[in-house]
Amino acid sequence: MVKKIENSFSKIIEEYNPMDIKKSLELKKILNSYPYFQSASAHYLKTLKLQEKDAYYELLPKTAILTFDRSILRNWLYSELDLSLIHISEPTRQEAISYA
């Protein structure tokens, strides 16, 4: 069980895209299973912030408590995300010509 979550969390972080709703839900599941997982909490918090969700304000104090240096958390949350580093898959030929 832990191995499966470890692999999915690693994959989420590797391909981090805060605007991906599916990845956001996976982070939420991991956080529900492991509420003191600081890294998952911080990534989910940044995702909520960039998606402009109200849950951001609920999770912010909880994540701040889990964080050793809150200034690092603040700087990371308010840093600009380099969108050129986010991997966006190209549509396949069939998807590109599909009209449905």
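Tyr-56 comes in at 5%, so it is buried. Keep in mind that this is a predicted model.

## Helix H4

Let's start with the helix that holds Tyr-56. H4 covers residues 55–66, and its end C-alpha atoms sit 17 Å apart; at 1.5 Å a residue, its 12 residues should span 16 Å, so the two agree.

Tyr-56, Leu-59, Thr-63 and Ala-64 are the buried residues of H4. They share the same side of the helix, because they cover an arc of only 140° around its axis. That buried set packs against helices H2 (21–33), H3 (38–50) and H5 (70–77). On the face turned away from the buried side you'll find the exposed residues Tyr-57, Glu-58 and Ile-65.

## Aromatic pairs

There are 2 aromatic pairs in the structure. In one, the ring centres of Phe-9 and Phe-37 are 4.7 Å apart with the planes at 50°, so this pair is tilted. Phe-9 belongs to helix H1 (residues 2–14) and Phe-37 to the loop between H2 and H3, so the pair ties together parts 28 residues apart in sequence. Phe-9 is buried at 11% relative accessible area, while Phe-37 is partly exposed at 28%.

Tyr-56 and Tyr-57 make an edge-to-face pair, 5.1 Å centre to centre and 80° between planes. Tyr-57 is exposed, at 61%.

## Other spots to look at

Gln-51 sits in the loop between H3 and H4 and is buried at 15%. Leaving out residues up to four places away in sequence, it touches Pro-18, Met-19, Asp-20, Ile-21 and Ser-24.

Lys-46 lies over the face of Trp-76, 4.7 Å from the ring centre.

Notes
Residues are numbered from 1 along each chain as its sequence is written. This is a predicted model: local features need pLDDT of at least 70, side-chain atom pairs count only at pLDDT 80 or more; totals for chains, interfaces and linings use all residues. Side-chain values use heavy atoms; hydrogens and water are left out. Helices (H or I, at least four residues) and strands (E, at least two) are DSSP runs, numbered from the N terminus. The expected span of a helix is 1.5 Å times one less than its number of residues. Buried means under 20% relative accessible area, exposed over 50%, partly exposed in between (1.4 Å probe, protein chains only). The arc is that of the directions from the helix axis to the C-beta atoms. Contact means heavy atoms within 4.5 Å. Rings of Phe, Tyr and Trp (its six-membered ring) pair if their centres lie within 6.5 Å; planes under 30 degrees apart count as stacked, over 60 as edge-to-face and the rest as tilted. A charge sits over a ring if NZ of Lys or CZ of Arg is within 6 Å of the ring centre and within 35 degrees of the ring normal.
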